[in-house]
Amino acid sequence: MPRTKPIDFDNYLEGFPKDIQVLLLQLRATIRKAAPEAEEIISYGMPAFRYKGMLVWYAAHTHHIGFYPRVSGISAFKQELSAYKESKGAVQFPYGRPLPVRLISRIVKFRLKENSEKAKK
């Protein structure tokens with residue numbers, strides 16, 4: 001696990017074993033495809049994307065990938081996320097199970113729409 005604050009995604013990625021890197025790259029590609037206009041940044045020491053405000057964050061942990069689509073992203077997909085450990089604004093995708101890329105994509109698109117509508121106001 002990275003111990004110093006990463007400067008970019010590649011710097012963040014290099015601190016993990018190859019099998020975890022594969023998952024992080026898959027998650028990054030899923031988010032990029034769902035939100036091609038979003039800017040990739042490091043926020044709170046984690047890879048993140050922003051579009052008209054913060055969109056989502058994600059991070060590798062000891063036993064899972066954490067995905068942080070804000071409270072609204074979790075609550076809007078509560079039923080679909082019920083198979084995973086979740087909290088108010090986060091969900092844990094355990095290692096050893098495939099990432100739910102379609103669901104992640106839908107959550108990211110939901111957050112894009114939400115940020116766009118908020119920016120119009």
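In what order do the elements of the protein run from the N terminus on?

**View 1. Fold of the predicted model.** The elements run α-α-β-β-β-β-α-α-β-β-α, giving 5 helices and 6 strands (DSSP runs numbered from the N terminus: helices are H or I of at least four residues, strands E of at least two). The radius of gyration is 14 Å, close to the 14 Å of the globule rule for 121 residues, so the protein is as compact as a globular protein of that length (taken over C-alpha atoms; the rule is 2.2 Å times the number of residues to the power 0.38). The C-alpha trace spans about 40 × 30 × 25 Å along its principal axes.

**View 2. The largest nonpolar core.** This core has 39 residues, of which Leu24, Ile31, Phe67, Leu81, Phe93 and Val108 touch the most other members (a set of buried Ala, Val, Leu, Ile, Met, Phe, Trp, Tyr and Cys residues joined through side-chain atoms within 4.5 Å; buried means under 20% relative accessible area with a 1.4 Å probe, protein chains only). Elements that each supply at least two core residues include helix H2 (18-34), strand S3 (54-60) and helix H5 (101-120). The largest share, 7 residues, comes from S3.

**View 3. Surroundings of Phe67.** Leaving out residues up to four places away in sequence, Phe67 touches Ile31, Val56, Trp57, Tyr58, Gly89, Ala90, Val91, Phe93, Ile104, Ile107 and Val108 (contact means heavy atoms within 4.5 Å).

**Notes.** Residues are numbered from 1 along each chain as its sequence is written, and side-chain values use heavy atoms, without hydrogens and water. In this predicted model, local features need pLDDT of at least 70 and side-chain atom pairs count only at pLDDT 80 or more, whereas totals for chains, interfaces and linings use all residues.

Methods:
Buried < 20%, exposed > 50% of the residue type's maximum accessible area, 1.4 Å probe, protein only.
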